[in-house]
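Hello,

Here is the structure I promised to pass on to you.

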Amino acid sequence: MAVPILKQGDVLIASIQLALTDVDLVMLRDALVEKVSNYRTRGVIVDVTALDVVDSFASRTLRDLAHMIRLRGAETVIVGIQPDVAFAMVQLGLTLENIATALDLEEGLAFLAKTNRRQ
Amino acid sequence: MTPGAPDSAVRVAIASSDDVVIARQKGRALAMEIGFTASEATLIAAAISELARNIVRYAGAGEMLLRDDGNGMLLMVARDQGPGIPDVQAALRVGFSTSGGLGMGLPGVRRIADMFEIVSNGSGTTVTVGKYKR
């Protein structure tokens with residue numbers, strides 16, 4: 001299942017609608033890294049509100065995605081990690097080190113606006 | 001559903017990343033059905049995702065059996081006829097991986113398990129994980 005990627009100003013928003021397979025996650029990572037340069041993006045938001053599970057592969061792929069996008073000169077914010085998903089991630093010892101997270105899309109956009117003003 | 005009877009069981013054939021998602025969704029549904037909280041069911045779904053992915057990655061194909069043991073425990077059995085795990089102790093160490101992964105999968109599952117057992121040899125691997133309701 002392809003994740004729709006919307007462009008709003010200089011921000012790309014990927015809104016995950018359904019449970020994603022490992023293959024879908026890798027496709028999302030690659031598509032975002034490529035689109036960041038095509039659209040001269042300053043920030044990327046990945047909305048994981050609808051993601052049913054964040055396991056070791058998903059957390060690694062989200063981390064890789066954010067690091068790759070940072071190398072391309074843009075910032076990533078992961079938004080919408082649900083309380084149950086956060087609980088499971090902590091129990092399993094999974095982290096999203098050095099990656100910005102925010103409560104929801106609105107907070108994510110506010111974070112990026114603040115970050116980009118500083119630059 | 002009669003209390004004490006092992007009456008809820010699900011079997012999912014695992015051969016692709018789509019099957020991994022199906023297995024964890026069925027596992028979550030079963031956990032909710034037998035009275036786990038939503039939060040515990042998410043944890044169970046994550047554990048199933050790790051076990052099923054290992055089948056696809058290391059054995060190519062296999063199956064997952066999910067069932068209520070009738071005493072408040074959900075059993076997750078991942079079974080394949082792959083090449084087996086050469087060093088089970090190493091596979092349970094955080095940071096160890098032979099596939100380029102981060103080595104967080106199996107150690108994480110063991111950490112949350114109330115019962116955990118691996119039987120692995122040249123003709124396959126069976127991982128059995130049990131989780132009690134809180």
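In which helix of chain A does A:Phe111 lie? A:Phe111 is part of helix α4 of chain A, which covers residues 105-118. Please keep in mind that this is a predicted model.

A:Phe111 counts as partly exposed because it has 19 C-beta neighbours inside 10 Å, while a buried residue needs 20 or more. Leaving aside residues up to four places away in sequence, A:Phe111 touches A:Val77, A:Ala100 and A:Ala102. A:Leu92 is another matter: A:Phe111 and A:Leu92 are 19 residues apart in sequence, and their C-alpha atoms are 28 Å apart in space.

Now for chain B. Its helix α4 spans residues 105-112, and B:Gly105, B:Leu106, B:Gly108 and B:Val109 are buried there. These four sit on the same side of α4(B), because they cover an arc of only 160 degrees around the axis. What covers them includes α2 (56-71) of chain A, along with α2 (38-59), α3 (88-91) and β5 (124-132) of chain B.

That brings us to where the chains meet. The contact takes 18 residues from chain A and 21 residues from chain B. On the chain B side, α1 (17-33), α2 and α4 each supply at least two residues, and α2(B) gives the most, with 9 residues. Sorted by class, the side of chain B that touches chain A has 9 nonpolar, 7 polar and 5 charged residues.

Enjoy exploring it!

Best wishes

Key:
Residues numbered from 1 in each chain as written. Chains lettered and ligands numbered in written order. Predicted model: local features only at pLDDT ≥ 70, side-chain atom pairs only at ≥ 80, totals over all residues. Buried ≥ 20, exposed ≤ 12 C-beta atoms within 10 Å, placed from the backbone. Arc of directions from axis to C-beta. Contact = placed C-beta atoms within 7 Å. Nonpolar A, V, L, I, M, F, W, Y, C, P; charged D, E, K, R; others polar.
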